[in-house]
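The following report describes selected features of one chain. The sequence and structure are shown first.

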Amino acid sequence: YKADDNLSEIQLEEELINANVVVCTLCCSGNSYLNDLLFNLLIIDEACQCTELTALIPFCYNINQSILIGDPKQLPPTIKCHKVEKCGYGKSLFERIQEGSPSTEVFLLDTQYRMHPDISILSSKCFYDRRIIDGPNVKSSQWIKEYTKDINSKFGPVVFYDVKGTISNGRGSSFCNEEEANQVVNCISELLQSYPDICFNKRISIISPYNIEIGSDERYGKLLKEVDLFNNINVSTVDGFQGQENDIIIISTVRTDGKIGFLKDKRRLNVSISRSRYSLIIFGDSSTLRINEDWRKIINEITAMNRFKSVSFF
């Protein structure tokens with residue numbers, strides 16, 4: 001219930017007593033309104049994204065059975081203090097239980113219903129030992145779009161564009177790559193011009209490990225405004241996009257200086273390549289990215305699909 005629901009304390013308590021299911025955040029589970037309730041089952045979703053102490057809050061209700069759902073191969077809790085992170089505070093309760101439990105108590109939900117099979121195979125091979133299988137919906141014709149059905153399509157379902165740009169300092173500790181930004185915007189412009197009868201409004205997201213200057217007065221924002229796309233494209237960091245998805249995901253890797261920084265985190269990479277439904281387009285400097293084993297696997301897999309291309313396409 002929200003604060004503006006105008007329920008009195010007595011009404012709220014009555015609603016909770018009569019409820020079969022109570023849904024709330026972990027922090028709200030410590031609310032005094034829940035003290036007199038009896039819970040038989042606790043389910044924590046996205047259990048790998050919360051700190052261990054936060055996940056322990058609802059266990060104060062003498063829970064008989066608990067189920068934790070999460071993916072330890074994707075991004076962990078956000079810990080801003082490196083000192084406490086090094087002390088193990090960044091490890092989730094899910095991971096700690098997983099490490100100490102027999103394999104019979106840990107179950108892999110192995111069927112995915114989001115991504116085109118050519119996209120899901122990247123995560124399956126590189127992070128899940130080929131154990132992820134595709135649901136019937138993503139193998140149907142509904143997951144083959146007009147802009148991806150051509151085997152030589154510039155727009156997916158999976159494409160890697162090799163960009164030899166120049167990296168420069170952005171705001172704070174972030175970076176920017178003007179050549180790559182231009183190519184990303186050119187790609188989107190050509191996509192929209194090639195398929196004018198398809199509505200792409202808010203169906204395209206640009207994500208990056210770095211804050212890629214997305215404001216209306218900043219580099220990406222200015223480029224998108226120039227081609228009248230600023231209000232139609234979602235732009236986010238990888239961390240900010242975890243848990244979300246979109247029809248078309250464009251990854252801007254930015255780095256081109258022989259160093260990969262944030263890009264070396266395999267969990268961040270896994271999140272990046274598993275957000276799209278129909279099309280995954282990656283822009284990056286392959287020579288820099290290949291320094292990292294996980295990125296090298298991804299690029300090799302895309303190359304084997306014959307979808308590694310030069311930005312001269314745009």
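## Backbone exceptions, helix packing and aromatic pairs

Valine 254 is found in the loop between strand E10 (246-252) and H9. Helices (H or I, at least four residues) and strands (E, at least two) are DSSP runs, numbered from the N terminus. The model is predicted: local features need pLDDT of at least 70, side-chain atom pairs count only at pLDDT 80 or more, and totals for chains, interfaces and linings use all residues. Residues are numbered from 1 along each chain as its sequence is written, and side-chain values use heavy atoms, with hydrogens and water left out.

The chain contains 11 helices and 12 strands. Of its 314 residues, 44% are buried, where buried means under 20% relative accessible area, exposed over 50% and partly exposed in between (1.4 Å probe, protein chains only). Among contacts (heavy atoms within 4.5 Å) with a separation of 6 or more, 73% are between residues 24 or more positions apart.

### Backbone exceptions

Most residues other than glycine have a negative phi, and most peptide bonds are trans.

| Residue | Phi | Location |
|---|---|---|
| Aspartate 129 | about 55° | just after H5 |
| Valine 254 | about 70° | loop between strand E10 (246-252) and H9 |

Valine 254 is buried at 2% relative accessibility, whereas glutamate 46 is partly exposed, with a relative accessible area of 40%. A cis peptide bond, with omega about 15°, connects glycine 156 to proline 157. Proline 157 belongs to the loop between E4 and E5.

The buried residues are Pro117, Ile119, Ser120, Leu122, Ser123, Ser124, Cys126 and Phe127. Their cover includes strand E3 (111-112), E4, E5, helix H9 (266-272), E11 and H11.

The axes of H5 (residues 117-127) and H11 (residues 293-304) come within 10 Å and cross at roughly 135°. These axes are lines fitted to C-alpha atoms, for helices over the stretch in contact, and angles run from 0 to 180 degrees between N-to-C directions. The two helices are therefore oblique to each other; angles under 35 degrees count as roughly parallel, over 145 as roughly antiparallel, 65 to 115 as roughly perpendicular and the rest as oblique. On the H5 side, the contact is made by Leu122, Lys125, Cys126 and Phe127, and on the H11 side by Asp294, Lys297, Ile298, Glu301 and Ile302.

### Aromatic pairs

Seven aromatic pairs are found in the whole structure. Rings of Phe, Tyr and Trp (its six-membered ring) pair if their centres lie within 6.5 Å; planes under 30 degrees apart count as stacked, over 60 as edge-to-face and the rest as tilted. Tryptophan 143 and tyrosine 278 form an edge-to-face pair, 5.3 Å centre to centre with 70° between the planes. This pair links distant parts of the chain, 135 residues apart: tryptophan 143 is in the loop between strand E4 (133-134) and strand E5 (158-162), and tyrosine 278 is in strand E11 (residues 276-284). Tryptophan 143 is buried, at a relative accessible area of 11%, and tyrosine 278 is buried with a value of 11%. One aromatic cluster is formed by Tyr147, Phe155, Tyr195 and Phe200.
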